[in-house]
Amino acid sequence: MEEKKIPYKIYLDEKEIPTKWYNVRADMKNKPAPLLNPATLEPMKAEELYPVFCEELVAQELNDTDAYFDIPEEIQNFYKMYRPSPLIRAYFLEKALDTPAKIYYKFEGNNTSGSHKLNSAIAQAYYAKKQGLKGVTTETGAGQWGTALSMACSYFGLDCKVYMVKVSYEQKPFRREVMRTYGASVTPSPSTSTAVGRKILEEHPGTTGSLGCAISEAVEAATTTEGYRYVLGSVLNQVLLHQSVIGLEAKAAMDKFGIKPDVIIGCAGGGSNLGGLISPFMGEKLRGEADYRIIAVEPASCPSLTRGKFAYDFCDTGMVCPLAKMYTLGSGFIPSANHAGGLRYHGMSSTLSQLYDDGLMEATSVEQTSVFAAAEQFARVEGILPAPESSHAIRVAIDEALKCKETGEEKTILFGLTGTGYFDMVAYQKYNDGEMSDYVPTDEDLEKGFAGLPKVDK
């Protein structure tokens with residue numbers, strides 16, 4: 001097909017929005033290891049998870065055999081407010097790099113929450129409402145998940161309690177205010193409002209917090225408040241399931257023009273964006289129908305895949321959640337306070353961890369000054385101010401395109417641009433003022449986290 005026939009933006013028709021979520025676990029030969037009860041070290045049963053999660057979401061979490069789940073009509077209708085999202089050919093970036101590579105990005109920032117997180121937030125709020133709950137609790141780091149969930153809860157008339165990592169709460173006041181505008185209560189974590197929060201503050205006075213801390217507080221709040229359940233914006237299998245709409249749309253748009261990506265790149269914190277983007281492509285790879293090079297990009301200051309251990313670990317700092325087998329830095333790991341680029345979680349989705357351990361995808365880590373350099377380069381030519389998280393993928397996409405310039409290869413690169421950076425201007429300011437530094441934990445730093453890993457002989 002001639003180059004000129006591929007438009008800058010490829011949109012699907014509204015009727016082409018996916019009506020089913022794809023469950024990549026169904027095609028995995030090696031299934032993700034089960035969640036374990038921390039008291040018995042036995043696989044968690046559905047009824048043991050019901051006090052924490054909505055019942056329908058538990059069913060999705062534990063199902064690794066059904067390839068597709070019907071998307072309820074009410075969620076499909078909500079998706080139509082901002083989906084399908086565009087697949088964009090980065091012609092201007094290609095020209096600026098003088099590369100023969102063809103670069104595409106799936107843009108998920110075209111909704112008020114500013115990110116892909118709304119895809120799962122609306123689903124989880126729907127099931128909470130369907131179950132007759134009063135509200136939900138959650139944690140948020142960069143604030144995009146909290147923003148998305150507050151929007152979804154407002155739509156369904158649910159109360160929303162958000163525990164926001166303290167350093168982000170202080171750095172991103174406007175993100176916090178969007179959540180409050182949609183009716184959510186926002187508490188900096190760790191806080192004195194929960195027993196686990198008080199314990200963490202006692203053990204780590206002055207801590208800037210972590211997602212693991214915030215998760216512990218949100219779970220405690222949910223399990224001690226009648227009519228509430230806990231919801232999570234990443235890591236869990238159910239979240240990757242909901243986010244599969246990203247990859248399903250991206251693949252459908254590419255198929256329309258006969259485009260096959262050689263390299264697929266996504267930022268990786270807990271795994272929601274990466275897992276959603278790669279799911280249908282990985283499915284083809286698992287079934288032997290096609291092959292793709294898939295790269296997970298994480299921050300050098302929180303390198304769970306590239307420097308973590310594949311082991312059972314607590315999903316939270318307070319050690320109240322089930323154990324998950326994942327690439328982890330230890331539930332007690334807290335990123336440096338100078339880390340402004342998001343993707344702060346100490347572990348990685350069990351599904352993605354298993355795929356990585358099986359050699360089905362690669363992982364690399366990048367330092368945050370290089371991430372923000374890539375973000376500004378992209379913004380100046382493509383006209384979108386990217387979220388720091390997504391900019392990790394931009395960094396590696398640019399690097400891969402420059403390799404093509406050196407070799408003359410005309411590779412097709414796809415990456416996920418999952419959010420906008422308009423609430424991240426404190427970080428951009430630090431970069432522009434030359435005040436941003438790179439922190440890479442030493443082996444000794446990481447050993448402290450590894451020392452706290454639970455002893456599980458499985």
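**A covered helix, a strand and some cysteines**

Modeller: Let's begin with helix α14 (residues 350-357), which is mostly covered, with six of its eight residues buried. Buried means under 20% relative accessible area, exposed over 50%, and partly exposed in between, using a 1.4 Å probe and protein chains only. Helices (H or I, at least four residues) and strands (E, at least two) are DSSP runs, numbered from the N terminus. Keep in mind that this is a predicted model: local features need pLDDT of at least 70, side-chain atom pairs count only at pLDDT 80 or more, and totals for chains, interfaces and linings use all residues. Residues are numbered from 1 along each chain as its sequence is written, and side-chain values use heavy atoms, with hydrogens and water left out.

Biologist: Which residues of α14 are buried?

Modeller: They are S350, T351, L352, S353, Q354 and L355.

Biologist: And what covers them?

Modeller: The cover includes α11 (237-256), α12, β12 (309-314) and β13 (323-328), where contact means heavy atoms within 4.5 Å.

Biologist: What caps the N-terminal end of α14?

Modeller: That's S349, with a side-chain oxygen 3.2 Å from the backbone nitrogen of T351. Just after the helix, G359 has a positive phi of about 75°.

Biologist: Switching to strands: is β11 buried or exposed?

Modeller: Six of the seven residues of β11 (residues 293-299) are buried, so the strand is largely enclosed by the rest of the structure.

Biologist: Which strands does β11 pair with?

Modeller: Strand β10 (residues 263-267) runs parallel to β11, with five bridges joining them. Strand β14 (residues 362-366) is also parallel to β11, again through five bridges. Two strands pair if DSSP finds at least two bridges between them.

Biologist: Which residue in β11 is opposite C267?

Modeller: V297. To get from β10 to β11, the chain passes through helix α12 (residues 272-286), and this β-α-β crossover is right-handed. That means that, with the strands pointing away from the viewer, the path from the first strand over the helix to the second runs clockwise.

Biologist: And what's the partner of E298 in β14?

Modeller: S365 is its bridge partner there.

Biologist: What about C153?

Modeller: C153 is in no disulfide either, and its nearest cysteine sulfur, in C160, is 4.1 Å away. C153 is buried, with a relative accessible area of 0%.

Notes. Disulfide = S-S within 2.5 Å. Polar contact = N/O pair within 3.5 Å; in protein donor to acceptor, adjacent residues only side chain to side chain.
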